[in-house]
Number of protein chains: 2
Amino acid sequence: MDSMKKGWFSELNDLWPGVSLSLEVKEILHTETSRFQNIMVVDTKSHGRALILDGIIQCTQNDEFSYQEMISFLPLCCHPNPRKVLIVGGGDGGVAREVVKHPSVEQVELVEIDEAVISASKRHLPDMAVGFANPKLTVSIEDGFKFMSRRTGEFDVIITDSSDPVGPAVSLFERKYFELMRDALSPGGIVCSQGGTPWANLSSVAETMKICQQVFPVAAFGYTSVPTYPTGQIGFIMGSINKATEFNEPVRVFSEDELDNMKLRYYSPEVHRAAFALPRFAKKALYG
Amino acid sequence: MDSMKKGWFSELNDLWPGVSLSLEVKEILHTETSRFQNIMVVDTKSHGRALILDGIIQCTQNDEFSYQEMISFLPLCCHPNPRKVLIVGGGDGGVAREVVKHPSVEQVELVEIDEAVISASKRHLPDMAVGFANPKLTVSIEDGFKFMSRRTGEFDVIITDSSDPVGPAVSLFERKYFELMRDALSPGGIVCSQGGTPWANLSSVAETMKICQQVFPVAAFGYTSVPTYPTGQIGFIMGSINKATEFNEPVRVFSEDELDNMKLRYYSPEVHRAAFALPRFAKKALYG
């Protein structure tokens, strides 16, 4: 099976062998090899534009809202007053777009290792790159791991919107990174990291979850549905240094009107609560 | 893109244009064209054996448990005492395997239009076809629609485990079918039908949901994650003739020990409750 043939892009990766999602492509809008990875933006027949890094679909216009809303609002709504937020990765701008919607948020820093992803997004993915236009946001081009090691006691929420644990994001799944995040949090702070899917990579998800459980007094695994991700879903590994945090019960409960005003299409308090109800096989593997 | 090439099976269908899931195939175990459809069983590299009808994946050994458990236990656990159950479709035997686990269930009828599916399953999918060996089960080979029109006031739960609304299953999404199901229920009875996914077919899902809402005093849409189905999930359209039914709160709450004894790997009371928490875009479309 080839990754680009007869007008279809096929996602092939050793992280999920033997299975592949393909999208019919109308036009290849962008392709380059940056210092860190291969970057491609394509216009698909059915899913709008798609950002593809090293052959793995990062987001499509049609379903990205689920991921961006959930990785942002799950941690934000578990914090009583998230004023200062750090986004690690998130070079497409979609998470920044969501985070600034939360009324408590005053200041957002985003650290992306690969400036070329931001440029490609600004040029080809305006629905997501709109996040970069917000005055609350400051962008640094740097390795997230290194950035984190210089900052302490600062952030109310840290969101790691990374690619998978191959290529430039490997260090963001290590114990040391979780320790650095813990130390970079302000009192009561919360972290939320892209955490893979129990359906495809249960043992590596469980390994990262174990690290989070050992580094933070409270940890949880939530997930959301994203049709164009492998297995159709993606999980979030979350930790809090506030022992009283109950991840499955938001402390900030938005009304329907507030959700409408923020143009949220996926997240709601009931969706928040449901995100932590894991299938038995996953619950046993992740919570023991 | 071809549906079988270089050792990969690709699912291509007009119900979800522009996107295709492919599975690497080790061996084609069975292929025939019955009176109703094309039937194929393949052994895949990563997902065990897969049953494919008219080019659409019906189930794979690795993730079928989610679908079979949820389409069975969601309606069964909303009924206080489900003794007599009807399964429409379900020719692989997986739903029967799950339904008979429920301790209240005394008698199960299964009506499958295509005997060749049952034969192929018995020959190649023993993990699912084991459902046919249970003495509580009676099998009829007949069109489910016709079968239903002869039966009234009999069943506590009716589960429609059909293929998608193309081919032999079209009539199982019509208003008349929902009316026939309603009339075939005993007092307080509940129906649960395979209902597609809001991500791929929102308008047709909403249409079937509207029929269910008009035919039954209480209706709800739940869903579960199935990685090898289009969009990685599948929904269930449920109706009850008992006005007091609250689908998101099981009336039969099994303990962890009971769930273990029934070998349930997906379903739990908390997963049950979460299955009805719909993303905002879907909730608005299905409940208005």
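These are my entries on the contact between the chains, with one look inside a chain at the end.

**Ground rules.** I am working with a predicted model, where local features need pLDDT of at least 70, side-chain atom pairs count only at pLDDT 80 or more, and totals for chains, interfaces and linings use all residues. Residues are numbered from 1 along each chain as its sequence is written, chains are lettered from A and ligands numbered from 1 in the order in which they are written, and side-chain values use heavy atoms, with hydrogens and water left out.

**Entry 1: the interface.** How many residues of chain B are in contact with chain A? I found 47 of them, meeting 47 residues of chain A; contact here means heavy atoms within 4.5 Å. I then looked up the buried area (the accessible area, with a 1.4 Å probe, that two parts lose on being put together, summed over both). Chain B and chain A bury about 3,600 Å², and 56% of that is on carbon and sulfur atoms.

**Entry 2: charges across the interface.** I looked for salt bridges, meaning a side-chain nitrogen of Lys or Arg within 4 Å of a carboxyl oxygen of Asp or Glu. The rule gives 8 of them between chain B and chain A. One that I looked up pairs B:Lys283 with A:Glu270, with 2.6 Å between the closest N and O atoms.

Entry 3: Helices (H or I, at least four residues) and strands (E, at least two) are DSSP runs, numbered from the N terminus. Strand E3 (residues 19–33) of chain A and E3(B) run antiparallel and are joined by 5 bridges; strands pair if DSSP finds at least two bridges between them. In this pairing, A:Leu21 has B:Leu21 as its bridge partner.

**Entry 4: symmetry.** I laid chain B on chain A by a turn of 180 degrees and a shift of 0.0 Å along the axis, and the RMSD was 0.0 Å. That is the relation of a two-fold axis. The superposition is by least squares on the C-alpha atoms of residues with pLDDT of at least 70 in both copies. The copies meet through the same surface, because 100% of the interface residues of chain B are also interface residues in chain A.

**Entry 5: inside chain A.** Over all chains, I count 32 salt bridges in the whole structure. Among them is A:Lys84 with A:Glu154, at 2.7 Å from N to O. A:Lys84 lies in strand E7 (residues 84–89) and A:Glu154 in the loop between helix H5 (144–149) and strand E10 (155–161), so this pair ties together parts that are 70 residues apart in sequence.
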